[in-house]
Amino acid sequence: MHVLEMNHVEKSFNEQKVLRDISLSVKEGEILSVIGPSGSGKSTLLRCATMLEEMDRGELFYLGDKAVWNGSDGASVYAKKEKLKEIQKNYGLVFQNFHLFPHMTVLNNIIDAPIHVQKRSKEGAVQEAMELLQKMGLADKADAYPCQLSGGQCQRVAIARALALNPKILFFDEPTSALDPELTGEVLKVIKSLADLHIAMVIVTHEMAFARDISDRVIFMAEGVIVEEGTPEEVFASNNVRTQNFLGRYGEIL
Amino acid sequence: MAFTKILTQLAGGMWVSIQIFLVTLIFSLPLGLLVSFGRMSKNRVIEAVVKFYISVMRGTPLMLQLMVVYFGPYYLFGLKVSNGYRLWAAFIGFVINYAAYFAEIYRSGIQSMPAGQYEAAKLLGYSKNQTFFRIIFPQVVKRILPSVTNEVITLVKDTSLAFTISVLEMFAVAKALASSQTSLIPFVAAGLFYYVFNLVVALLMEYIEKRMNYYQ
């Protein structure tokens with residue numbers, strides 16, 4: 001069964017069509033990268049998938065559960081609030097700008113939702129959070145505040161915070177775009193290390209080498225449509241003119 | 001008349017001033033938050049009503065508002081009010097006036113919060129209430145503290161306006177003493193009282209601001 005399935009999604013902002021008929025699906029444990037030029041609709045796609053943005057048309061399923069479908073007038077219909085809340089438990093999102101809670105320590109950033117949303121015991125939540133921090137290489141930062149961390153460390157905390165809720169699928173919205181090359185490396189390393197957790201991941205990124213190495217599948221988007229889709233080898237060696245234009249010299253280096 | 005004697009006479013007035021100050025803060029701070037919710041309500045009717053309330057509270061003198069609250073029950077509804085109502089009228093007038101100002105301060109703080117905080121909370125499954133009270137409000141408090149300090153210091157001095165409805169607070173007592181003694185000393189004492197009161201308030205607020213400096 002597909003963890004995520006999106007069918008014929010369309011989205012406009014003030015007459016400007018940002019997504020035109022996008023369909024994609026993600027299997028359990030699969031890692032999908034979405035690449036493409038700025039303004040091609042990649043982030044909007046993630047925001048529609050995570051329901052931060054409402055789509056105009058199209059369907060959205062998580063593990064076969066209907067979150068959004070087309071009504072009789074062709075426009076998107078969203079499931080009832082309680083149902084959406086239930087469906088939402090399946091996914092997490094890592095933002096480009098982290099969006100950690102600045103008034104909470106690193107540890108509290110991670111355990112607050114498990115305790116107050118999932119109603120788990122504090123001991124259990126703390127133990128799991130410490131294991132996650134260990135994995136992120138930040139065990140010594142549990143009591144620090146986000147403002148005391150580097151951008152790379154903040155992003156790793158944000159990843160731990162998302163993982164603490166045990167999602168089936170994790171979305172990354174350009175997770176390294178706000179970081180310098182050195183910090184980018186440490187965050188990408190952490191994301192790579194998640195591959196063995198068998199959580200499905202959808203990663204919007206401009207890091208081509210990373211996308212090529214980590215992905216099971218790559219999608220190339222431009223002007224609101226999926227131009228190409230396939231294994232990293234297929235997409236990066238594509239003969240498609242639009243894809244070649246975008247990958248440009250990157251293709252030659254390979 | 002000795003300075004100490006004047007002070008003992010003024011002490012009763014001081015206590016009334018402090019009462020007005022405390023009652024106003026205790027009730028107008030939470031009420032202001034409620035009013036700010038109304039001001040930001042998606043319901044157009046609620047928003048319009050609250051906006052009108054705030055504009056009246058900010059647009060007319062507090063002195064006049066106190067008189068309306070005190071004399072209103074008699075002139076509008078023919079109700080006979082007891083002498084004890086004076087202080088209550090002062091409490092009510094101050095609370096509804098300051099709630100309006102605090103509401104706008106809360107609103108400025110809430111609307112200055114970045115959308116990312118709401119989005120992160122939504123993705124983590126927080127309910128609307130949890131998002132507000134666990135994520136947004138604690139950060140808003142820190143942001144609005146300097147504006148609140150300003151307002152609280154103004155309140156200390158505004159308590160003297162209660163004398164217009166003959167509440168025997170600090171300023172009213174000082175004025176009575178000054179004319180009966182034909183002396184300026186009661187006014188000097190009153191001035192000192194307000195100054196020291198505000199010094200304490202300012203120090204306290206500074207302490208709270210420092211306590212909130214653990215982040216950002």
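What follows goes through the interface, then the cavity, then the pockets.

A: A bit of bookkeeping before we dig in: residues are numbered from 1 along each chain as its sequence is written, while chains are lettered from A and ligands numbered from 1 in the order in which they are written. This is a predicted model, with local features needing pLDDT of at least 70, side-chain atom pairs counted only at pLDDT 80 or more, and totals for chains, interfaces and linings using all residues; side-chain values use heavy atoms, with hydrogens and water left out.

Now the interface. Chain A brings 25 residues into contact with 19 residues of chain B, where contact means heavy atoms within 4.5 Å. About 2,100 Å² gets buried between chain A and chain B, and carbon and sulfur atoms give 59% of that; buried area here is the accessible area (1.4 Å probe) that two parts lose on being put together, summed over both. Of the area that chain A buries against chain B, 26% comes from A:Phe101, A:Pro102 and A:His103, more than from any other three residues.

On the polar side, 14 residue pairs across chain A and chain B are in polar contact, both partners at pLDDT 80 or more. That term covers N or O atoms within 3.5 Å; within protein, one must be able to donate a hydrogen and the other to accept it, and residues adjacent in sequence count only if both atoms are side-chain atoms. On chain A, the elements giving two or more residues to the side that touches chain B are α2, β7 (91-94) and α3 (106-116) (helices are DSSP runs of H or I, at least four residues, and strands are E runs of at least two, numbered from the N terminus). That side of chain A splits into 14 nonpolar, six polar and five charged residues, with Ala, Val, Leu, Ile, Met, Phe, Trp, Tyr, Cys and Pro as nonpolar, Asp, Glu, Lys and Arg as charged, and the others, Gly among them, as polar.

Two salt bridges cross the interface of chain A and chain B, each being a side-chain nitrogen of Lys or Arg within 4 Å of a carboxyl oxygen of Asp or Glu. A:Asp112 pairs with B:Arg134 at 2.7 Å, N to O. A:Arg47 pairs with B:Glu119, also with 2.7 Å from N to O; this pair runs from helix α1 (residues 42-49) of chain A to helix α5 of chain B.

On a 1 Å grid over the protein atoms alone, a cavity is a set of points where a 1.4 Å probe fits but cannot get out, a pocket is an open set with protein on both sides within 12 Å along at least five of seven lines, and lining residues have an atom within 4 Å of a point. Grid points are joined across faces, edges and corners, and a volume is the space filled by probe spheres set on the points.

The whole structure has one cavity of 30 Å³ or more, and the largest cavity takes up about 50 Å³. Residues from both chains line this cavity, among them A:Phe95, A:Arg161, B:Ala120 and B:Leu124. α5(A) gives the most to the cavity lining, three residues, and by class the lining has nine nonpolar, no polar and one charged.

The largest pocket has a volume of about 1,200 Å³. Its lining of 29 residues includes B:Lys42, B:Tyr118, B:Lys122, B:Ser127 and B:Lys128, which lie nearest the centre. That lining divides into 13 nonpolar, seven polar and nine charged residues. The second largest pocket holds about 220 Å³, and its lining has 16 nonpolar, no polar and no charged residues.
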